[in-house]
Amino acid sequence: MARRCELTGKGPMTGNNVSHAKNRTRRRFLPNLNDTTLMSEALGRSFKLKISAAALRTIDHRGGLDAFLAKAKDEDLSANALKIKKEIAKAQAATA
C-alpha cells in the first residue's frame with residue numbers, strides 16, 4: 001500500500017541530508033501515518049483508514065469524520081474515502 005494519507009493526500013517528500021561538511025545525499029521525508037478506526041455518526045458504523053496524524057487532529061477540530069469529509073476536496077480523497085463520503089451524503093440527504 002502506498003505511503004499516502006487517505007483523507008488529505010499527504011505523501012512522501014524528498015530532500016537532502018546535509019552533513020557538517022555540507023555533503024548532500026538524497027533522502028525521503030515520510031508522512032506520519034496511522035491505522036485508525038473512525039466512527040461515522042450519520043451511518044452509525046466505523047471505518048478503518050490509514051491517515052496522517054495531522055488529518056486526525058483536523059478531524060477532531062472539525063467535529064468528526066462526517067464534518068471533515070463534507071469539507072474535503074474529492075481529488076485529495078482516496079477511492080475508499082470518496083465512497084464513504086458519498087454514503088454519508090446520501091444518508092444525510094435521506095434524513096433531511
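Against which elements do the buried residues of H1 pack? In this predicted model, local features need pLDDT of at least 70 and side-chain atom pairs count only at pLDDT 80 or more, while totals for chains, interfaces and linings use all residues. Residues are numbered from 1 along each chain as its sequence is written, and side-chain values use heavy atoms, with hydrogens and water left out.

Helix H1 spans residues 53–62; helices (H or I, at least four residues) and strands (E, at least two) are DSSP runs, numbered from the N terminus. Within H1, Ala53, Ala55 and Ile59 are buried, where buried means under 20% relative accessible area, exposed over 50% and partly exposed in between (1.4 Å probe, protein chains only). These residues lie on the same side of H1 because they cover an arc of only 160° around the axis, the arc being that of the directions from the helix axis to the C-beta atoms. The packing partners of the buried residues of H1 are strand S3 (33–40), strand S4 (45–52) and helix H2 (65–71). On the face turned away from the buried side, H1 carries the exposed residues Arg57 and His61. Glycine 63 follows H1 and has a positive phi, near 100°.

Strand S4 also holds serine 52, which counts as buried because its relative accessibility is 2%. With neighbours within four places in sequence left aside, serine 52 is in contact (heavy atoms within 4.5 Å) with Cys5, Thr8, Lys10, Asn32 and Leu33.

Elsewhere, the charged end of arginine 27 sits over the ring of phenylalanine 29, 3.9 Å from its centre; this description requires NZ of Lys or CZ of Arg within 6 Å of the ring centre and within 35 degrees of the ring normal.
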